[in-house]
Amino acid sequence: MALHLPEIPSHLLAQIFLRLPAPEDLARTSAVCITFRRLVTDGSFLRRFRRLHAPPLLGFLDLEGFHPALPPHPSAPAASSFAAAADFTFSFLPAHCGWTVQEIRDGRVLLARDHGEDARSPVFKDLVVCDPLHRRYIALPSVPDALAASVCRPAPVARMPWCEPCLAPLGEDDAATTAFTVICVVHCETKLATFVFSSSTGQWRASACKGWRELFRGRGESTVNSPSNSPLDPMFLRRHYAYGCFYWESTMIKRKELLVLDTRRMEFSVADLPSKGWSTFGVAILEAGEGELGLFGIRDEPAGGKRDLCYTIRQNKGKRSTQWQMVKAIALGSGCVHNIKASTERYFLLVSANAPRHVSSSLKMSDLELEYFSMDVKKLELERVCVKPFGLALSRTRIHTNFPPSFLSSPTI
């Protein structure tokens, strides 16, 4: 007589699937049967799964393309499969030449390109948000003329005004949807302005706006020299994200302030860096957990000839505290030049280059090899991602984590 086993209730199946170690295991589970697929593609289940599992660091993008994490990096298997399946030449985009990566978040990529010589609004660019895994994209409409007119007046200051598009993070309720938000931060002569696009409405709207004088009031005459002089230079400005806020820093030119945009309240503010003498080799701002803001930086003055990677934390629970606390100093190898290249939520990318013992006229930068290391703020261990020639290493680099939300469902972008 055949033995009929009772079906496992859905709530117990959910508890089992929540314990799967990685998103790719969840994808395999969804392919078993319709019941499993329906359960693991449910929005509430996916939100719980994402809260329990850190997104894998799959690699990084620069002007040379996508560089997946290689063995022995723990993300290497997922990164290899992802690199083989995704299209990081963006050949599926219309007239795909000329697009440059602006942001990678939640598995999606924001790209921009110039309008062209006959553009009515030279400040703003053509924008698309795409899913390179499923080769889908949405082209954003242009910022309406009425909104663009407020920032597109002729500017007396070089490189002003200029626009920086940002891809906002998904909220918890959006974790299983294809919704997204793009924020354009416009740096004008006398103010900062923001324009927000929501894929839910398909429209742009004006949002936060603040004058440079008001923003930096009381921080010294050296910060803003005149009402028509922005204190920030696009050539040296780097962006980070943590806990619903974008942070901009200019440690490359020894600036000690952080420009902050809180995307939940759409408000600008200014915060201080720790008082340590950070080098010009960059900092990384990360989510340290339990509402604490983490910052990694390379100490300006080497200890015993060796530079340290310093980790400090600051409370970030709605208080305007400037108190930073040193947590750990990690010794970096001697004979190498180190640079913090990029950061995102939980990870940052450290680049290490061997300093040549003998410099000759025949030495070329292309002859140098660079080692890329990732660090997970929860593990505090450097893990090698890959080794690559110097090439276009000076270009902007973006870390790629996670699979797009449409990874388990029929994508609409």
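This is a predicted model: local features need pLDDT of at least 70, side-chain atom pairs count only at pLDDT 80 or more; totals for chains, interfaces and linings use all residues.
Residues are numbered from 1 along each chain as its sequence is written, and side-chain values use heavy atoms, with hydrogens and water left out.

**View 1. Arginine 105 and glutamate 103 form a salt bridge.** A salt bridge here is a side-chain nitrogen of Lys or Arg within 4 Å of a carboxyl oxygen of Asp or Glu, and by this rule the count comes to 15. In this pair, N and O lie 3.0 Å apart. Both arginine 105 and glutamate 103 are buried (under 20% relative accessible area, whereas exposed is over 50% and partly exposed in between; 1.4 Å probe, protein chains only).

**View 2. A network of salt bridges takes in Glu103 and Arg105.** Glu164, Arg239 and Glu345 are linked with them in this network.

**View 3. Arginine 238 pairs with glutamate 249 in a salt bridge.** Their closest N and O atoms are 3.1 Å apart. The pair links distant parts of the chain, eleven residues apart: arginine 238 sits in strand β11 (residues 238-242) and glutamate 249 in strand β12 (residues 245-249). Strands are DSSP runs of E, at least two residues, numbered from the N terminus. Both arginine 238 and glutamate 249 are buried.

**View 4. Glutamate 267 meets arginine 265 in a salt bridge.** Here the N to O distance is 3.6 Å. Glutamate 267 is partly exposed, with a relative accessible area of 39%, and arginine 265 is exposed at 52%.

Conventions: Helices (H or I, at least four residues) and strands (E, at least two) are DSSP runs, numbered from the N terminus.
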